[in-house]
Amino acid sequence: MGDAKRRQQSGQVESKRIVSWLPLTISQSSEFVRVSTQFAWIGIGLLVLGWLTVRLIGPTFGWWQLVG
C-alpha cells in the first residue's frame, strides 16, 4: 500500500503547500492572515485610544495643554 493511502486511512491528511519549495501550508497561511488581521485591529484600537488621550483626556484632567 502506498504512503498516501496509508495516511488517508489513518486520518493523517497532509496539507498542500503554497509553493513546492516554500515550507508553508495553505492552513498556515490562513492562520497567519487571521492573526495579523486581529493584531491590526488591536493596533487601530490602541491608536484611537492614544489619540483620545492626547486630544481629550489629558487636557481635561490638566495633564497638559494643547496649543492652537
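Guide: Buried means under 20% relative accessible area, exposed over 50%, and partly exposed in between (1.4 Å probe, protein chains only). The model shown is predicted, so local features need pLDDT of at least 70 and side-chain atom pairs pLDDT 80 or more, while totals for chains, interfaces and linings use all residues. Residues are numbered from 1 along each chain as its sequence is written, and side-chain values use heavy atoms, without hydrogens or water.

Visitor: Is Trp64 buried, exposed or partly exposed, and how do you know?

Guide: Trp64 has a relative accessible area of 34%. That value lies between 20% and 50%, and therefore Trp64 is called partly exposed.

Visitor: What is Trp63 called on that scale?

Guide: Trp63 is exposed, because its relative accessible area is 51% and the term begins over 50%.

Visitor: What kind of ring pair do Trp63 and Trp64 form, and why?

Guide: The count of aromatic pairs in the model is 2. In the pair of Trp63 and Trp64, the ring centres are 5.9 Å apart and the planes stand at 50°. Rings of Phe, Tyr and Trp (its six-membered ring) pair if their centres lie within 6.5 Å; planes under 30 degrees apart are stacked, over 60 edge-to-face, and the rest tilted. The pair is therefore tilted. Ring pairs also join Phe61 to Trp63 and Trp64 in a cluster.

Visitor: Which nonpolar surface patch includes these three residues?

Guide: Phe61, Trp63 and Trp64 belong to a nonpolar surface patch of about 1,200 Å², whose other members include Trp41, Val48 and Leu56. Leu56 is in helix H2 and, at 46% relative accessibility, counts as partly exposed.

Visitor: What makes Thr25 count as buried or exposed?

Guide: The relative accessibility of Thr25 is 16%. This is under the limit of 20%, so Thr25 counts as buried. Buried residues make up 3% of the 68 residues in the chain.

Visitor: Where is Thr25 found?

Guide: Thr25 is in the loop between helix H1 (3–10) and helix H2 (26–61). The chain has 2 helices and 0 strands, both terms being DSSP runs numbered from the N terminus (helices H or I, at least four residues; strands E, at least two).

Visitor: Which residues is Thr25 in contact with, leaving aside its neighbours within four places in sequence?

Guide: They are Ser15, Lys16, Arg17 and Ile18, where contact means heavy atoms within 4.5 Å. Thr25 and Ser15 are 10 residues apart along the chain, and their C-alpha atoms are separated by 6.0 Å.

Note on methods. Patch = residues over 30% accessible without salt bridge, like charges linked within 9 Å, V, L, I, M, F, W, Y side chains within 5 Å. Areas by Shrake-Rupley, 256 points an atom, 1.4 Å probe, with all protein chains shown as cover. Salt bridge = Lys/Arg side-chain N within 4 Å of Asp/Glu carboxyl O.
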